[in-house]
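The questions below go through one protein model and its ligand site. Each answer ends on the item asked for.

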Amino acid sequence: MTKSASNPTEHNVLQPGVPNLTPVMKADDVVQLLHNRYTAKKYNPDMPCSEEDFQAIIEAGRMSPSSMGFEPWHFVHLKNQDVIDEIMPHLWGGQGKVEGSSHLVLLLGRDQKEMKPYSDYLTHIHEDVQHYPAENLDKRMKKYTKFINEDQDYRTEREKNLWVDKQVYIALSNMLTMSAALGVDSTPLEGYERKPIEEILIKHGVYDPEKFHLSVMVCFGHSDCEHREKTRQPMEEVFSVFE
Ligand SMILES: Cc1cc2nc3c(=O)[nH]c(=O)nc-3n(C[C@H](O)[C@H](O)[C@H](O)COP(=O)(O)O)c2cc1C
(Lines give C-alpha, C1' and ligand atoms only; values in the text may rest on other atoms or scores of the structure.)
Protein backbone atom coordinates (compact mmCIF):
# COMPACT_ATOMS: atom_id res chain seq x y z
CA MET A 1 0.00 0.00 0.00
CA THR A 2 1.57 3.25 -1.14
CA LYS A 3 0.48 6.51 0.35
CA SER A 4 1.50 9.94 -0.77
CA ALA A 5 3.97 11.74 1.42
CA SER A 6 3.66 14.99 -0.49
CA ASN A 7 0.39 16.31 -1.84
CA PRO A 8 -1.12 19.75 -2.27
CA THR A 9 -3.48 19.59 0.70
CA GLU A 10 -0.84 18.14 3.03
CA HIS A 11 -3.18 15.31 3.93
CA ASN A 12 -2.07 11.72 3.69
CA VAL A 13 -4.37 10.90 0.79
CA LEU A 14 -4.34 7.88 -1.48
CA GLN A 15 -3.01 8.38 -4.98
CA PRO A 16 -4.86 7.33 -8.16
CA GLY A 17 -4.28 3.66 -8.88
CA VAL A 18 -4.03 2.67 -5.22
CA PRO A 19 -6.65 -0.06 -4.82
CA ASN A 20 -8.13 0.32 -1.35
CA LEU A 21 -8.14 2.17 1.94
CA THR A 22 -6.04 1.37 4.95
CA PRO A 23 -8.30 1.56 8.02
CA VAL A 24 -7.45 4.62 10.10
CA MET A 25 -9.86 3.82 12.95
CA LYS A 26 -11.22 0.65 14.49
CA ALA A 27 -14.92 -0.12 13.97
CA ASP A 28 -15.62 0.33 17.70
CA ASP A 29 -14.03 3.77 17.67
CA VAL A 30 -16.11 4.91 14.70
CA VAL A 31 -19.31 3.60 16.30
CA GLN A 32 -18.37 5.36 19.53
CA LEU A 33 -17.87 8.58 17.58
CA LEU A 34 -21.36 8.29 16.10
CA HIS A 35 -22.84 7.67 19.55
CA ASN A 36 -21.03 10.73 20.87
CA ARG A 37 -22.21 13.10 18.12
CA TYR A 38 -25.26 14.91 19.32
CA THR A 39 -27.20 18.03 18.49
CA ALA A 40 -26.16 20.83 20.83
CA LYS A 41 -29.06 22.92 22.07
CA LYS A 42 -27.01 25.59 23.85
CA TYR A 43 -23.47 26.84 23.31
CA ASN A 44 -20.84 28.42 25.50
CA PRO A 45 -19.84 31.66 23.74
CA ASP A 46 -16.48 31.58 25.55
CA MET A 47 -15.54 28.28 23.88
CA PRO A 48 -15.47 28.84 20.12
CA CYS A 49 -14.59 26.24 17.52
CA SER A 50 -10.97 26.84 16.47
CA GLU A 51 -10.29 27.99 12.91
CA GLU A 52 -8.21 24.85 12.32
CA ASP A 53 -11.12 22.62 13.33
CA PHE A 54 -13.54 24.72 11.31
CA GLN A 55 -11.42 24.36 8.18
CA ALA A 56 -11.38 20.56 8.68
CA ILE A 57 -15.18 20.58 8.99
CA ILE A 58 -15.54 22.51 5.73
CA GLU A 59 -13.06 20.13 4.09
CA ALA A 60 -15.39 17.28 5.12
CA GLY A 61 -18.12 19.06 3.17
CA ARG A 62 -15.92 19.69 0.14
CA MET A 63 -14.79 16.07 -0.04
CA SER A 64 -18.34 14.69 0.13
CA PRO A 65 -19.64 12.42 -2.61
CA SER A 66 -22.39 13.66 -4.93
CA SER A 67 -24.47 12.18 -7.72
CA MET A 68 -22.41 12.13 -10.92
CA GLY A 69 -19.79 14.06 -8.94
CA PHE A 70 -21.47 17.38 -9.73
CA GLU A 71 -20.74 18.88 -6.27
CA PRO A 72 -23.93 20.97 -6.45
CA TRP A 73 -23.16 23.06 -3.37
CA HIS A 74 -21.47 26.06 -1.89
CA PHE A 75 -20.87 26.69 1.82
CA VAL A 76 -21.07 30.19 3.29
CA HIS A 77 -19.66 31.02 6.71
CA LEU A 78 -22.13 33.74 7.69
CA LYS A 79 -20.23 36.11 9.96
CA ASN A 80 -22.22 39.31 9.40
CA GLN A 81 -24.05 39.89 12.69
CA ASP A 82 -26.60 42.29 11.14
CA VAL A 83 -27.71 39.60 8.68
CA ILE A 84 -27.76 36.96 11.44
CA ASP A 85 -29.93 39.26 13.59
CA GLU A 86 -32.30 39.84 10.67
CA ILE A 87 -32.83 36.16 9.88
CA MET A 88 -33.09 35.12 13.55
CA PRO A 89 -36.87 35.76 13.97
CA HIS A 90 -37.45 33.34 11.07
CA LEU A 91 -34.94 30.78 12.36
CA TRP A 92 -37.01 29.29 15.13
CA GLY A 93 -34.96 26.07 15.14
CA GLY A 94 -31.78 28.07 15.75
CA GLN A 95 -32.88 30.42 18.47
CA GLY A 96 -30.92 29.85 21.68
CA LYS A 97 -28.29 27.90 19.71
CA VAL A 98 -26.83 30.18 17.05
CA GLU A 99 -26.33 32.93 19.66
CA GLY A 100 -23.63 31.11 21.62
CA SER A 101 -22.13 29.19 18.70
CA SER A 102 -19.02 30.51 16.98
CA HIS A 103 -19.68 29.52 13.35
CA LEU A 104 -22.93 29.59 11.39
CA VAL A 105 -22.73 27.94 7.96
CA LEU A 106 -25.29 28.17 5.15
CA LEU A 107 -25.28 25.15 2.86
CA LEU A 108 -26.42 26.34 -0.56
CA GLY A 109 -27.64 24.09 -3.35
CA ARG A 110 -26.92 24.86 -7.01
CA ASP A 111 -30.15 26.03 -8.54
CA GLN A 112 -31.72 24.52 -11.63
CA LYS A 113 -30.39 27.10 -14.08
CA GLU A 114 -26.91 25.98 -13.05
CA MET A 115 -27.85 22.30 -13.14
CA LYS A 116 -29.45 22.26 -16.60
CA PRO A 117 -27.72 19.94 -19.08
CA TYR A 118 -24.91 21.76 -20.92
CA SER A 119 -24.93 24.66 -18.42
CA ASP A 120 -21.66 26.54 -17.98
CA TYR A 121 -21.41 25.08 -14.48
CA LEU A 122 -21.81 21.45 -15.53
CA THR A 123 -19.47 21.94 -18.48
CA HIS A 124 -16.89 23.41 -16.07
CA ILE A 125 -17.25 20.42 -13.70
CA HIS A 126 -17.01 17.95 -16.60
CA GLU A 127 -13.96 19.50 -18.24
CA ASP A 128 -12.03 21.51 -15.63
CA VAL A 129 -12.76 19.58 -12.42
CA GLN A 130 -13.25 15.99 -13.53
CA HIS A 131 -10.94 16.29 -16.56
CA TYR A 132 -13.23 14.37 -18.90
CA PRO A 133 -12.63 15.02 -22.60
CA ALA A 134 -14.81 17.82 -24.02
CA GLU A 135 -16.04 15.47 -26.76
CA ASN A 136 -17.66 13.24 -24.09
CA LEU A 137 -19.88 16.07 -22.82
CA ASP A 138 -22.70 15.38 -25.26
CA LYS A 139 -22.96 11.69 -24.32
CA ARG A 140 -22.82 12.51 -20.61
CA MET A 141 -25.44 15.27 -20.77
CA LYS A 142 -27.82 12.97 -22.66
CA LYS A 143 -27.35 10.36 -19.95
CA TYR A 144 -27.90 13.01 -17.23
CA THR A 145 -31.09 14.25 -18.92
CA LYS A 146 -32.54 10.74 -19.04
CA PHE A 147 -31.42 10.05 -15.49
CA ILE A 148 -33.13 13.11 -14.02
CA ASN A 149 -36.25 13.30 -16.19
CA GLU A 150 -37.03 9.64 -16.83
CA ASP A 151 -35.11 7.27 -14.56
CA GLN A 152 -35.59 9.33 -11.39
CA ASP A 153 -38.75 11.03 -12.69
CA TYR A 154 -38.06 14.51 -11.32
CA ARG A 155 -40.48 16.82 -13.07
CA THR A 156 -40.76 20.29 -11.58
CA GLU A 157 -37.96 22.75 -10.86
CA ARG A 158 -38.75 22.27 -7.16
CA GLU A 159 -38.34 18.50 -7.42
CA LYS A 160 -35.05 18.95 -9.21
CA ASN A 161 -33.87 21.38 -6.53
CA LEU A 162 -34.77 18.78 -3.90
CA TRP A 163 -32.56 16.30 -5.75
CA VAL A 164 -29.74 18.82 -5.36
CA ASP A 165 -30.61 19.19 -1.67
CA LYS A 166 -30.19 15.43 -1.22
CA GLN A 167 -26.56 15.85 -2.23
CA VAL A 168 -26.11 18.88 0.03
CA TYR A 169 -27.38 16.89 3.01
CA ILE A 170 -24.62 14.34 2.45
CA ALA A 171 -22.13 17.18 2.85
CA LEU A 172 -24.00 18.27 5.98
CA SER A 173 -23.75 14.77 7.40
CA ASN A 174 -20.02 14.59 6.78
CA MET A 175 -19.53 17.97 8.45
CA LEU A 176 -21.47 16.77 11.52
CA THR A 177 -19.37 13.60 11.78
CA MET A 178 -16.11 15.49 11.29
CA SER A 179 -17.15 17.96 13.95
CA ALA A 180 -17.86 15.14 16.41
CA ALA A 181 -14.48 13.57 15.61
CA LEU A 182 -12.82 16.85 16.57
CA GLY A 183 -14.82 17.25 19.78
CA VAL A 184 -16.71 20.21 18.33
CA ASP A 185 -20.45 20.48 18.96
CA SER A 186 -22.88 21.08 16.13
CA THR A 187 -26.53 21.83 15.44
CA PRO A 188 -28.02 21.11 12.02
CA LEU A 189 -30.70 23.72 11.38
CA GLU A 190 -33.73 23.10 9.22
CA GLY A 191 -36.27 24.74 11.50
CA TYR A 192 -36.77 28.00 9.64
CA GLU A 193 -39.15 29.88 7.34
CA ARG A 194 -37.36 29.41 4.05
CA LYS A 195 -38.90 32.19 1.97
CA PRO A 196 -38.30 35.19 4.28
CA ILE A 197 -34.81 33.97 5.11
CA GLU A 198 -33.94 33.58 1.44
CA GLU A 199 -35.28 37.07 0.74
CA ILE A 200 -33.07 38.54 3.47
CA LEU A 201 -29.97 36.66 2.28
CA ILE A 202 -30.56 37.67 -1.33
CA LYS A 203 -31.26 41.30 -0.37
CA HIS A 204 -27.87 41.47 1.36
CA GLY A 205 -26.12 39.76 -1.56
CA VAL A 206 -25.13 36.68 0.47
CA TYR A 207 -25.77 34.59 -2.65
CA ASP A 208 -27.01 34.96 -6.20
CA PRO A 209 -30.53 33.45 -6.57
CA GLU A 210 -29.78 32.79 -10.25
CA LYS A 211 -27.19 30.29 -9.06
CA PHE A 212 -28.16 29.04 -5.61
CA HIS A 213 -30.92 28.38 -3.12
CA LEU A 214 -30.69 27.77 0.61
CA SER A 215 -30.69 24.04 1.41
CA VAL A 216 -29.94 23.85 5.14
CA MET A 217 -27.84 25.51 7.85
CA VAL A 218 -25.57 24.29 10.64
CA CYS A 219 -23.78 25.95 13.55
CA PHE A 220 -20.66 24.88 15.44
CA GLY A 221 -19.05 25.67 18.77
CA HIS A 222 -18.76 24.08 22.18
CA SER A 223 -21.63 23.36 24.51
CA ASP A 224 -21.16 23.46 28.24
CA CYS A 225 -24.37 21.49 28.82
CA GLU A 226 -24.44 17.80 29.56
CA HIS A 227 -25.03 15.62 26.53
CA ARG A 228 -28.57 14.25 26.44
CA GLU A 229 -29.16 10.53 26.41
CA LYS A 230 -29.25 9.23 22.81
CA THR A 231 -32.64 7.95 21.72
CA ARG A 232 -32.72 5.61 18.74
CA GLN A 233 -34.94 2.73 17.63
CA PRO A 234 -33.33 -0.69 18.20
CA MET A 235 -31.35 -2.16 15.30
CA GLU A 236 -34.02 -4.75 14.43
CA GLU A 237 -36.53 -1.97 13.74
CA VAL A 238 -34.33 -0.10 11.28
CA PHE A 239 -32.41 -2.92 9.61
CA SER A 240 -33.47 -6.20 8.04
CA VAL A 241 -32.05 -8.74 5.67
CA PHE A 242 -33.98 -10.16 2.73
CA GLU A 243 -32.45 -13.37 1.35
C1 LIG B 1 -31.61 18.02 8.64
C2 LIG B 1 -31.75 18.27 10.12
C3 LIG B 1 -32.34 19.44 10.56
C4 LIG B 1 -32.44 19.72 11.93
N5 LIG B 1 -32.93 20.92 12.34
C6 LIG B 1 -32.88 21.24 13.65
C7 LIG B 1 -33.25 22.53 14.10
O8 LIG B 1 -33.68 23.39 13.32
N9 LIG B 1 -33.14 22.80 15.42
C10 LIG B 1 -32.68 21.88 16.31
O11 LIG B 1 -32.58 22.19 17.49
N12 LIG B 1 -32.33 20.63 15.92
C13 LIG B 1 -32.40 20.30 14.63
N14 LIG B 1 -32.03 19.04 14.21
C15 LIG B 1 -31.51 18.08 15.20
C16 LIG B 1 -32.43 16.88 15.44
O17 LIG B 1 -33.53 17.25 16.22
C18 LIG B 1 -31.58 15.79 16.06
O19 LIG B 1 -30.59 15.38 15.16
C20 LIG B 1 -32.38 14.55 16.49
O21 LIG B 1 -33.31 14.89 17.48
C22 LIG B 1 -31.46 13.45 17.02
O23 LIG B 1 -30.67 13.91 18.08
P24 LIG B 1 -29.08 13.87 18.02
O25 LIG B 1 -28.65 14.66 16.80
O26 LIG B 1 -28.64 14.54 19.28
O27 LIG B 1 -28.67 12.45 17.94
C28 LIG B 1 -31.97 18.76 12.86
C29 LIG B 1 -31.38 17.57 12.39
C30 LIG B 1 -31.26 17.34 11.05
C31 LIG B 1 -30.55 16.08 10.57
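**Sheet, helices and ligand shell**

Q: Which residue of β2 does Phe75 stand opposite?
A: This is a predicted model, in which local features need pLDDT of at least 70, side-chain atom pairs count only at pLDDT 80 or more, and totals for chains, interfaces and linings use all residues. Residues are numbered from 1 along each chain as its sequence is written. Strand β1 (residues 73–77) and β2 run antiparallel and are joined by 5 bridges; two strands pair if DSSP finds at least two bridges between them. Within β2, the residue opposite Phe75 is Leu107.

Q: In β4, what is the bridge partner of Arg110?
A: β2 and strand β4 (residues 212–221) pair in the antiparallel sense, with 8 bridges. Leu108 has Leu214 as its bridge partner in β4. For Arg110, the partner in β4 is Phe212.

Q: What is the order of the strands in the open sheet?
A: The protein chain has 9 helices and 4 strands, where helices (H or I, at least four residues) and strands (E, at least two) are DSSP runs, numbered from the N terminus. The sheet is open, has 4 strands and pairs them antiparallel, in the order β1-β2-β4-β3.

Q: Why is one side of β1 and of β3 left without a neighbour in the sheet?
A: In the order β1-β2-β4-β3, β1 and β3 stand at the edges. One side of each is left without a neighbour because each has a single partner strand.

Q: By how many degrees are neighbouring strands of this sheet turned against each other on average?
A: Angles run from 0 to 180 degrees between N-to-C directions, and axes are lines fitted to C-alpha atoms, for helices over the stretch in contact. For this sheet the average ignores direction, and the value is 25°.

Q: How many residues of strand β2 are buried?
A: A residue is buried if 20 or more other C-beta atoms lie within 10 Å of its own, exposed if 12 or fewer, and partly exposed in between, with C-beta atoms placed from the backbone. His103, Val105, Leu107 and Gly109 are buried on one side of β2, and Leu104, Leu106, Leu108 and Arg110 on the other. The strand (residues 103–110) is largely enclosed by the rest of the structure, so the count is 8 of the 8.

Q: At what angle do helix α2 and helix α7 pack?
A: The crossing of α2 and α7 is right-handed, meaning that the near helix is turned clockwise from the far one by less than a right angle. Ala56, Ile57, Ala60 and Gly61 of α2 meet Ala171, Asn174, Met175, Met178 and Ser179 of α7, contact being C-beta atoms, placed from the backbone, within 7 Å. The axes of α2 (residues 51–62) and α7 (residues 157–181) are 7 Å apart, and the angle is about 145°.

Q: Which strand gives the most to the shell around the ligand?
A: Tyr38, Thr39, Lys41, Gly93, Thr187, Pro188, Leu189, Glu190, Gly191, Val216 and Lys230 surround the ligand, each with its C-beta atom, placed from the backbone, within 6 Å of it. They divide into 4 nonpolar, 4 polar and 3 charged; Ala, Val, Leu, Ile, Met, Phe, Trp, Tyr, Cys and Pro count as nonpolar, Asp, Glu, Lys and Arg as charged, and the others, Gly among them, as polar. With 3 residues, the top contributor is strand β3 (residues 185–189).

Q: Which residues does Glu198 touch?
A: Glu198 lies in helix α8 (residues 194–203). Glu198 has 19 other C-beta atoms within 10 Å, so it is partly exposed. Not counting residues up to four places away in sequence, Glu198 touches His213 and Leu214.

Terms used
Two residues are in contact if their C-beta atoms, placed from the backbone, lie within 7 Å.
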